[in-house]
Amino acid sequence: MRAVLRTVNRVLTGLAGLVLLGIGGAVLAVGFDAPAPSWWVHQGPHDVLLSNAERTRWRDAGWWWPVVIAALAVLLLLALWWLVAVVRRRRLTEVLVDTGDGEGASLRGRALEDVLAGEADRVDGVERAGVRLTGRRDAPAARVRLLLAPHVDPGTALHDLTTRALAHARQSAHLTSLPAEVQLRGVKHGAERVS
């Protein structure tokens, strides 16, 4: 379902971009004195968007400006809601665990994140670990951030994380796979003096 929503979102965003690009290009072309069709709003570079008659037609009606402002405010709120929905990374709230009896159980995503982070913290040389689960409840994925001590080999830390913490989480939740994206960063430290 999310793939369909993502596809619809991309198609609608692309169409909106094409419409805005077309309108902007047409206004720019007319501004440079290109011939405009008879139905177009602007007829030349010195034409205005709204004439005095069009601009002042509803001035005496007390309902006009509040309606315009309310409609623009609703459009702004919808645009902000859409932007937050697109940009926000979704956190997995629960993981579906196969119990083997055909029923299944639900494991809180935050609990699995905490266990994974705790076990990743115990890997040699890891100063701090953060885990976030994404994906679907029947096919979760992990985003892991590790802050490594200066003396640690990143390859060894990644191997230990994969073979210990991620393997234990996958086995305990009876998952067929647990793909992980791991971000490794080193602790900032001062230079050591060598004599």
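In what follows, a residue is called buried when its relative accessible area is under 20%, exposed when that area is over 50%, and partly exposed in between, as found with a 1.4 Å probe on protein chains only. By that scale Arg110 is partly exposed, because its relative accessible area is 42%. This is a predicted model, in which local features need pLDDT of at least 70 and side-chain atom pairs count only at pLDDT 80 or more, while totals for chains, interfaces and linings use all residues. Residues are numbered from 1 along each chain as its sequence is written, and side-chain values use heavy atoms, with hydrogens and water left out.

**Helix 5**

- Helices (H or I, at least four residues) and strands (E, at least two) are DSSP runs, numbered from the N terminus.
- Helix 5 covers residues 154–172, and its 19 residues should span 27 Å at 1.5 Å a residue, which agrees with the 26 Å between its end C-alpha atoms; the expected span is 1.5 Å times one less than the number of residues.
- At Leu161 helix 5 bends by about 30°, where the bend is the angle between axes fitted to the seven residues ending there and the seven starting there.
- The buried residues of helix 5 are Ala157, Asp160, Leu161, Ala165, Leu166, Ala167 and Ala169, and they pack against helix 4 (109–121), strand 4 (139–148) and strand 5 (180–186).
- After helix 5 comes His174, which has a positive phi, near 55°.

**Glu119 in helix 4**

- Glu119 lies in helix 4 and touches Arg164, Ala165 and His168, when residues up to four places away in sequence are not counted; contact here means heavy atoms within 4.5 Å.
- The side chain of Glu119 also makes a polar contact with the side chain of His168, at 2.3 Å; such a contact is a pair of N or O atoms within 3.5 Å, and within protein one must be able to donate a hydrogen and the other to accept it, with residues adjacent in sequence counting only if both atoms are side-chain atoms.
- Although Glu119 is buried, it has no salt bridge, and the nearest side chain of opposite charge, Arg122, is 4.6 Å away; Lys and Arg count as positive and Asp and Glu as negative, whereas His and the chain ends are not counted.

**Salt bridges**

- A salt bridge is a side-chain nitrogen of Lys or Arg within 4 Å of a carboxyl oxygen of Asp or Glu, and a search of the whole structure finds four of them.
- One of these joins Glu113 and Arg110, whose closest N and O atoms are 3.8 Å apart; being three residues apart in helix 4, the two are separated by about one helical turn.
- Glu113 counts as buried because its relative accessibility is 3%, and, leaving out residues up to four places away in sequence, Glu113 touches Arg91, Val131, Arg132 and Leu133.
- Another salt bridge joins the side chains of Asp138 and Arg136 at 3.2 Å, N to O; Asp138 is partly exposed at 48%, and Arg136 is exposed at 52%.
- Glu181 and Arg143 form a salt bridge with their closest N and O atoms 3.6 Å apart, and this pair links distant parts of the chain, with Glu181 in strand 5 and Arg143 in strand 4, 38 residues apart.

**Trp58**

- Trp58 lies in the loop between helix 2 (52–56) and helix 3 (64–87), and is partly exposed, with a relative accessible area of 33%.
- Leaving aside neighbours within four places in sequence, Trp58 is in contact with Trp63 and Trp64.
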